[in-house]
Amino acid sequence: MSLLEVNGLTKSYQPGNPILKDVSFSVEAGEFIAVIGPSGAGKSTMLRCLNRMVDIGEGQVLFDGRDVGAQNKKGLRDVRKNIGMVFQHYNLVPRLTVIENVLHGRFGYKSTLQGVLGRFTEEEKRKAFDLLGKLGIAEHAYKRCDQLSGGQQQRVGICRALIQDPKIILCDEPIASLDPNSSRIIMDHLKTISIEFGITCIVNLHQVDVAKDYANRIIGLRKGEVVFDGPSPLLSQRFTDEIYGMKTAVEMRELITV
Amino acid sequence: MQQITQQPSVTRHTRSGKINIRSGNRVSLVLRATLWTLGALTVLAFFFFDYTGFRPLQAIPETLYNLKAMFLEPKLSHFGWGEAAMQVAITLGLGALATVFGAAFAFFLALGAAENLSVPWLSKSIRIVVAFVRAVPTVLWVLIFAIAAGLGSEAAVLGMLFHSVAYLVKAFSEAFEEVDPKILEALRSTGAGWWQTVVHGVLPSTFTYLLSWTFLRFEINFSVAVAMGAAAGAGGIGFELFMASGFYFDLREVGVITYMILAIAIVLEVLSTRLKSRVYSAS
């Protein structure tokens with residue numbers, strides 16, 4: 001049985017204007033998948049349907065054998081604690097320290113009272129520092145998050161996802177707000193994570209070349225439909241053009257220069 | 001010039017044929033009419049005053065004399081400085097009591113009233129109730145509670161508390177709604193529950209706002225407590241002010257009390273500025 005299975009997922013925010021149309025795919029444990037597509041293709045919505053951050057419209061999302069759409073509040077929390085999430089804008093609490101933000105990843109495992117009081121075990125704290133060390137930002141552990149650079153904040157975001165002990169990590173445009181060098185560091189870390197810890201990664205990207213460099217498998221979305229799903233080496237220029245709905249690069253350049 | 005005459009539908013002209021640069025809609029028309037009417041009524045009102053017994057030549061020097069007695073010759077005569085300090089402390093206490101309890105109640109109600117943390121029916125109903133409570137002045141609430149608790153400090157604190165809660169719920173819930181939705185999304189995606197999201201996401205992001213709103217309310221409650229001392233017999237420096245002015249006609253004592261209230265107001269202002277810069281610099 002695959003780790004994640006999406007069957008006929010259709011989602012619309014306004015009736016009659018679906019943003020996802022009959023999306024189906026399945027994900028095996030350990031895969032590193034890039035989801036590419038132009039802005040507005042439904043990448044973010046699709047990713048958020050997987051852990052029900054937005055409500056699933058029609059269709060079914062099965063995570064680890066559980067129907068995500070049918071979970072009650074408690075079941076949903078249980079699903080979410082097994083799914084880490086990394087965001088374009090890092091989404092950290094800026095006024096709290098790095099280590100506090102990382103430990104937020106443990107809330108899914110806590111009772112309400114433990115969580116509210118912020119009781120974390122020594123084990124959890126040690127693990128948080130380990131992860132920060134692994135991502136090379138342990139020396140910033142006691143700094144406030146808003147004092148860190150974008151690349152460093154994104155690494156905090158990754159630590160927060162990792163401390164959940166997730167089976168899968170969803171990354172929504174993790175490098176879209178970063179410079180090329182920080183982007184490379186973040187992508188390298190994600191790749192290492194997927195290999196070293198065997199955690200499945202689904203990464204939304206708009207850079208096709210980055211997707212081809214890092215992912216084993218690419219899913220191309222266009223206007224809410226899957227137009228490509230296969231191993232990254234098979235993503236040819238023809239498919240890229242289809243996904244982005246544009247002419248070849250040469251023609252494009254001509255259009256811009258003229 | 002050619003171009004302008006070609007687009008008569010775009011440019012608007014005044015009656016004299018010049019090009020108009022104001023949009024000239026109904027709102028500005030109504031506004032102007034209102035201002036003119038109010039101006040005319042004000043001038044007209046002066047002709048309908050009852051001027052009997054009004055002798056400006058006598059009234060002006062007498063008022064000046066009273067002001068001089070009040071502010072240039074302040075002196076306590078019915079109670080000593082220790083007693084005065086005690087009464088100020090009582091007034092501060094009334095204000096603090098209403099503020100602290102008010103802030104505590106308001107925090108929880110504001111969580112229910114904030115649209116991003118609550119469900120629409122709950123947030124709407126809290127808002128409606130709170131708007132109603134806020135629309136009624138604090139003094140009226142005190143008098144309403146006086147029916148149950150009798151005139152005195154209990155009624156004053158209850159009434160002030162009521163109004164403080166309503167005021168702070170609005171301020172707090174607006175602060176909560178300003179919290180970056182991305183933070184809430186991230187916390188929810190880790191499987192955090194509602195209380196955990198509130199305590200570790202919403203609270204750290206809004207703490208300074210909550211603090212400065214609460215302190216602002218304390219300043220307001222202090223001055224309301226002075227008024228309540230006079231109007232509702234709540235005690236404190238307000239009551240002494242009432243006695244000095246209304247019973248003993250002791251203008252010099254009124255002067256001392258006014259200066260004391262002013263001093264407290266300045267101290268509170270300085271404290272709040274200090275507190276704010278301290279909290280903000282730490283953040």
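In this predicted model, the C-alpha centres of domain 1 and domain 2 of chain B are 44 Å apart. Domain 1 of chain B covers residues 2–47, and domain 2 of chain B covers 77–282.

Now let us turn to chain A and its sheet. Six strands of chain A make an open sheet with mixed pairing, in the order β6-β7-β8-β3-β9-β10. The edge positions belong to β6 (83–86) and β10 of chain A; each has a single partner strand, so one side of each is left without a neighbour in the sheet. On average, neighbouring strands of this sheet are turned by 15° against each other, direction ignored. As a reminder, strands of a sheet pair through backbone hydrogen bonds, in either a parallel or an antiparallel way.

| Strand pair | Sense | Bridges | Residues facing each other |
|---|---|---|---|
| β6(A) and β7(A) (residues 168–171) | parallel | four bridges | A:Gly84 and A:Ile169 |
| β9(A) (residues 217–222) and β10(A) (residues 225–231) | antiparallel | six bridges | A:Gly220 and A:Phe228 |

What do β9(A) and β10(A) form? The two strands make a hairpin with two residues between them, and A:Lys223 in the turn has a positive phi of about 50°.

Helix α1 of chain A (residues 43–50) lies across β3 (32–36), β6, β7, β8 (200–205) and β9 of chain A, and runs at about 155° to β8(A). Helix α6(A) packs on the sheet too, where it touches β6 and β7 of chain A. The direction of α6(A) makes about 170° with that of β6(A).

Helix α6(A) has a helix partner as well. Residues 150–162 of chain A form α6, which packs with α7 (residues 180–196) of chain A at an angle of about 15°, the two axes being 9 Å apart. Because of that angle, α6(A) is roughly parallel to α7(A), and their crossing is right-handed.

Which residues make this contact? From α6(A) come A:Gly151, A:Gln154, A:Arg155, A:Ile158 and A:Leu162. From α7(A) come A:Ser182, A:Ile185, A:Ile186, A:His189, A:Leu190 and A:Ile193. Sorted by class, the contact of α6(A) with α7(A) has six nonpolar, four polar and one charged residues.

Conventions
Residues are numbered from 1 along each chain as its sequence is written. Chains are lettered from A and ligands numbered from 1 in the order in which they are written. This is a predicted model: local features need pLDDT of at least 70, side-chain atom pairs count only at pLDDT 80 or more; totals for chains, interfaces and linings use all residues. Side-chain values use heavy atoms; hydrogens and water are left out. Axes are lines fitted to C-alpha atoms, for helices over the stretch in contact, and angles run from 0 to 180 degrees between N-to-C directions. Angles under 35 degrees count as roughly parallel, over 145 as roughly antiparallel, 65 to 115 as roughly perpendicular and the rest as oblique. A crossing is left-handed if the near helix is turned anticlockwise from the far one by less than a right angle, and right-handed if clockwise. Contact means heavy atoms within 4.5 Å. Ala, Val, Leu, Ile, Met, Phe, Trp, Tyr, Cys and Pro count as nonpolar, Asp, Glu, Lys and Arg as charged, and the others, Gly among them, as polar. Domain bounds come from an automatic or database domain assignment. Two strands pair if DSSP finds at least two bridges between them.
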